[in-house]
Amino acid sequence: MEQYVATFHTHLAALRSCNALKKAGVDGACLAPVPRRLSSSCGTCVFYGAEDAMLACMDADLEAVYRREEASFALVHQGDD
């Protein structure tokens, strides 16, 4: 299982995506402040663990999805601007 961080343009998008992940059965999906190394318009991200990035659960205001790799993050998906 991989660990992911999703960033968003709005807090509402983060909340909707977190709820969608939980509804899809992703345990441990939670809202959190965005790590300083990552950019986010709203300052709120979603941390979650899954076999894939679960892009179908992400709100349209998705900024990006990153996979955690030890002490860094790898860009998995860039949202539409």
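This report describes how the side chains of one protein chain pack together and pair with one another.

The structure is a predicted model, in which local features need pLDDT of at least 70 and side-chain atom pairs count only at pLDDT 80 or more, while totals for chains, interfaces and linings use all residues. Residues are numbered from 1 along each chain as its sequence is written, and side-chain values use heavy atoms, with hydrogens and water left out.

**The nonpolar cores**

A nonpolar core is a set of buried Ala, Val, Leu, Ile, Met, Phe, Trp, Tyr and Cys residues joined through side-chain atoms within 4.5 Å. Buried here means under 20% relative accessible area, exposed means over 50%, and partly exposed lies in between (1.4 Å probe, protein chains only). The largest core of this kind has 18 residues, and those with the most contacts inside it are F8, L21 and Y48. The elements that give two or more residues to this core are β1 (2-8), α1 (11-23), β3 (44-50) and β4 (62-69), with the largest share, four residues, coming from α1. Such helices (H or I, at least four residues) and strands (E, at least two) are DSSP runs, numbered from the N terminus. Apart from this core lies another one, of nine residues, among them V5, A32, L38 and A64.

**Two residues and their surroundings**

Contact means heavy atoms within 4.5 Å. Leaving aside its neighbours within four places in sequence, Y48 is in contact with a list of residues that includes Y4, L21, V26, M58 and V65. At 1% relative accessibility, Y48 counts as buried. S17, which lies in helix α1, also counts as buried, at 0% relative accessibility. Not counting residues up to four places away in sequence, S17 touches F8, C57, M58 and D59.

**An aromatic pair**

Rings of Phe, Tyr and Trp (its six-membered ring) pair if their centres lie within 6.5 Å, and planes under 30 degrees apart count as stacked, over 60 as edge-to-face and the rest as tilted. By this rule the count comes to one aromatic pair. The rings of Y4 and Y48 have their centres 5.4 Å apart and their planes at 20°, so the pair is stacked. This pair links distant parts of the chain, since Y4 is in strand β1 and Y48 in strand β3, 44 residues apart. Y4 is buried, with a relative accessible area of 5%.

**Salt bridges**

Side chains of opposite charge can pair when their charged atoms come close. A salt bridge is a side-chain nitrogen of Lys or Arg within 4 Å of a carboxyl oxygen of Asp or Glu, and by this rule the count comes to two salt bridges.

| Salt bridge | Distance, N to O |
|---|---|
| R16 and D59 | 3.8 Å |
| R67 and E69 | 2.8 Å |

R16 lies in helix α1 and D59 in the loop between β3 and β4, so their pair ties together parts that are 43 residues apart in sequence. R16 counts as partly exposed, at 48% relative accessibility, whereas D59 counts as buried, at 18%.
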